[in-house]
Amino acid sequence: SSDNPDMVVTVGLLSMQVQDFEGAENYLTQALKLNPKDPNAVRFSLGQISEERKQYDKANDWYKSITEGEQYFQAQIKIASLMARQNKLTDAREYLRNVKTDSAAQKVQIVMAQAGMLREAKAYKDSFDTLDAGLKEYPDNLDLLYDRAMAAEKVDRLEVLEEDLRKLIKLKPDHAHAYNALGYTLADRTNRYDEAHELIKKALEIAPEDPFIVD
């Protein structure tokens, strides 16, 4: 029934999935008034909806209204990325530096968020350096390795790209994107075509359905 908050949340999330953001916002706002099981998750979704509707101030207010729980950390990253999107890159980086983390996984996410903002701002060298520093602390982190490889391509450090992707493949032999990225870079930026072909073939074997790779 319409006064069961978790039912209303479900309808709101389904509306979100089909991109009916106005409907989703109505349902989720209504659900919040009915005391749902996880109000912070609802607030987080409302923040995402406001972002989709390009209402950045409103999105920011939703994220700031989350003061605890599982969504709190993700909301902090969102607040910073909204700053970056409004060309306040220095503020955004400062904000991220002050976010409390309680695990290595969260620390890695902060590094990736910082690097992502810098990449968006076309500050490729700073983005690379940020990932580089992160890898000194977490040398075997798969996400950091992949992101630094992508950043290395932007600053013409192909030897780093190759090293990172080969290490990634060693750590996770079924990482299709690593084979694919290495294959495409070798095909595009070197004359090592046979190797490139083998790598791309391998990526297709691992993930035949992946649209990024088929292309």
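**Exercise 1. Characterise the second largest pocket of this predicted model.**

*Solution.* Step 1: the second largest pocket holds about 270 Å³ of space. Step 2: its lining consists of 13 residues, and those closest to the centre are Met150, Asn180, Ala181, Tyr184 and Thr185. Step 4: α11 provides the largest share, with seven residues. Step 5: sorted by class, the lining of the second largest pocket contains six nonpolar, three polar and four charged residues.

**Exercise 2. Determine which residues and helices form the largest pocket.**

*Solution.* Step 1: the volume of the largest pocket is about 350 Å³. Step 2: 15 residues line the largest pocket, and Ser81, Ala113, Gly116, Met117 and Glu120 lie nearest its centre. Step 3: at least two lining residues come from each of α5 (70-85) and α7 (104-120). Step 4: the largest share belongs to α7, which supplies six residues. Step 5: the lining of the largest pocket comprises seven nonpolar, five polar and three charged residues.

**Exercise 3. Classify the packing of α7 and α9.**

*Solution.* Step 1: two packed helices are described by the angle between their axes and the distance between the axes. Step 2: the axes of α7 and α9 come within 10 Å and cross at roughly 15°. Step 3: angles under 35 degrees count as roughly parallel, so α7 is roughly parallel to α9. Step 4: the crossing in which α7 passes α9 is left-handed. Step 5: on the α7 side, Val108, Val111 and Met112 take part, and they meet Asp143, Leu144 and Asp147 of α9. Step 6: this contact of α7 with α9 has four nonpolar and two charged residues, with no polar residue.

**Exercise 4. Classify the packing of α1 and α2, and state the make-up of their contact.**

*Solution.* Step 1: α1 (residues 5-17) and α2 (residues 21-33) pack at an angle of about 160°, and their axes are 8 Å apart. Step 2: angles over 145 degrees count as roughly antiparallel, and α1 and α2 are therefore roughly antiparallel to each other. Step 3: α1 and α2 form a left-handed crossing. Step 4: α1 contributes residues including Pro5, Val8, Val9 and Leu13 to the contact, while those from α2 include Phe21, Ala24, Tyr27 and Leu28. Step 5: the residues of the contact of α1 with α2 divide into eleven nonpolar and four polar, with no charged residue.

Definitions and conventions
Residues are numbered from 1 along each chain as its sequence is written. This is a predicted model: local features need pLDDT of at least 70, side-chain atom pairs count only at pLDDT 80 or more; totals for chains, interfaces and linings use all residues. Side-chain values use heavy atoms; hydrogens and water are left out. On a 1 Å grid over the protein atoms alone, a cavity is a set of points where a 1.4 Å probe fits but cannot get out, and a pocket is an open set with protein on both sides within 12 Å along at least five of seven lines; lining residues have an atom within 4 Å of a point. Grid points are joined across faces, edges and corners, and a volume is the space filled by probe spheres set on the points. Helices (H or I, at least four residues) and strands (E, at least two) are DSSP runs, numbered from the N terminus. Ala, Val, Leu, Ile, Met, Phe, Trp, Tyr, Cys and Pro count as nonpolar, Asp, Glu, Lys and Arg as charged, and the others, Gly among them, as polar. Axes are lines fitted to C-alpha atoms, for helices over the stretch in contact, and angles run from 0 to 180 degrees between N-to-C directions. Angles under 35 degrees count as roughly parallel, over 145 as roughly antiparallel, 65 to 115 as roughly perpendicular and the rest as oblique. A crossing is left-handed if the near helix is turned anticlockwise from the far one by less than a right angle, and right-handed if clockwise. Contact means heavy atoms within 4.5 Å.
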